[in-house]
Amino acid sequence: MTNQSGKKEKFIPEIRGTLRSNFIELPACIADASGIKIFGKRIKSVLFSTDVAIIKNTNADAVIAVYPFTPQLVISQALLLASDVPVFCGVGGGITTGKRSLNIALHAEFQGAIGVVLNKPTPNEIISELKEIVDIPVIITVTTLNDDFLGRLEAGTDIFNVSGAAQTADIVKKIRKDISKTVPIIATGGNSDESIKRTIEAGANAITYTPPSTGEIFTESMKKYRLE
């Protein structure tokens with residue numbers, strides 16, 4: 001069997017349980033990404049969530065857990081315990097920065113995180129200090145075409161996390177064209193197959209996907225129940 005691009009598709013046997021057939025399934029087109037190998041594990045799809053119920057019921061290769069509050073170890077520990085796949089933990093960089101971010105990152109590594117994510121405001125000096133402390137990838141979030149990409153790389157950034165809304169594909173393309181053809185890039189893919197494919201074609205190695213909330217999913221379930 002061949003797909004629309006003319007490539008021969010492999011038959012993949014699949015087993016689903018009766019009770020576990022309902023889960024967050026990420027768009028199949030993410031499989032076209034090259035992926036990023038981290039400690040021998042290839043990661044293509046990354047779920048953006050801090051909801052343990054959703055994290056426990058997804059087919060994503062990894063989870064990126066960043067949130068708009070001060071990072072707390074109890075939160076990262078709960079997410080790591082719930083997840084069956086590697087977790088990238090947010091460790092601040094905005095309001096929470098300096099030694100506090102460094103300490104949180106070190107503890108996240110001890111808890112089992114596969115990488116730590118810093119917010120855009122993070123000074124390059126903090127990235128350099130963090131690289132001397134942890135032995136897991138340091139990921140920095142970039143959001144615009146004018147970000148200091150070279151400075152980030154020189155400071156020791158291992159992976160770019162591109163979150164530029166409608167500009168995401170353009171930011172990825174700029175990094176690939178002007179900065180580095182090989183630096184690992186995780187990028188938001190948007191809500192459609194077309195936007196995901198565009199981001200992959202621009203040069204993203206892995207795609208982050210934002211799932212519907214548990215409230216939205218439950219709303220659909222309740223609609224179904226009311227008809228039964």
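**Exercise 1. Work out why Thr168 counts as buried, and which residues it touches**.

Now for its contacts (heavy atoms within 4.5 Å): skipping neighbours within four places in sequence, Thr168 meets Val162, Ser163, Ala187, Thr188 and Thr199.

A quick word on the model: it's predicted, so local features need pLDDT of at least 70 and side-chain atom pairs pLDDT 80 or more, while totals for chains, interfaces and linings use all residues. Residues are numbered from 1 along each chain as its sequence is written, and side-chain values use heavy atoms, leaving out hydrogens and water.

**Exercise 2. Find which residues of α2 are buried and what covers them**.

First, list them: Ser76, Leu79, Leu80 and Ala82 are buried in α2. Looking down the axis of α2, these fall within an arc of 165°, so they line one face of the helix. Then turn to the face pointing away from that buried side, where you'll find the exposed Val74 and Leu81. Finally, the cover over the buried residues includes α1 (52-55), β4 (62-65), β5 (87-90) and α3.

**Exercise 3. Describe how α2 meets α3**.

Begin with the axes: those of α2 (residues 73-82) and α3 (residues 98-111) come within 10 Å and cross at roughly 25°. That makes α2 roughly parallel to α3 (angles under 35 degrees). Last, pick out the contact: Leu73, Ser76, Gln77 and Leu80 of α2 with Ile104, His107 and Gln111 of α3.

Notes. Axes fitted to C-alpha atoms, helices over the stretch in contact; angles between N-to-C directions. Helix = DSSP H or I, 4+ residues; strand = E, 2+ residues; numbered from the N terminus. Parallel < 35°, antiparallel > 145°, perpendicular 65-115°, else oblique. Buried < 20%, exposed > 50% of the residue type's maximum accessible area, 1.4 Å probe, protein only. Arc of directions from axis to C-beta.
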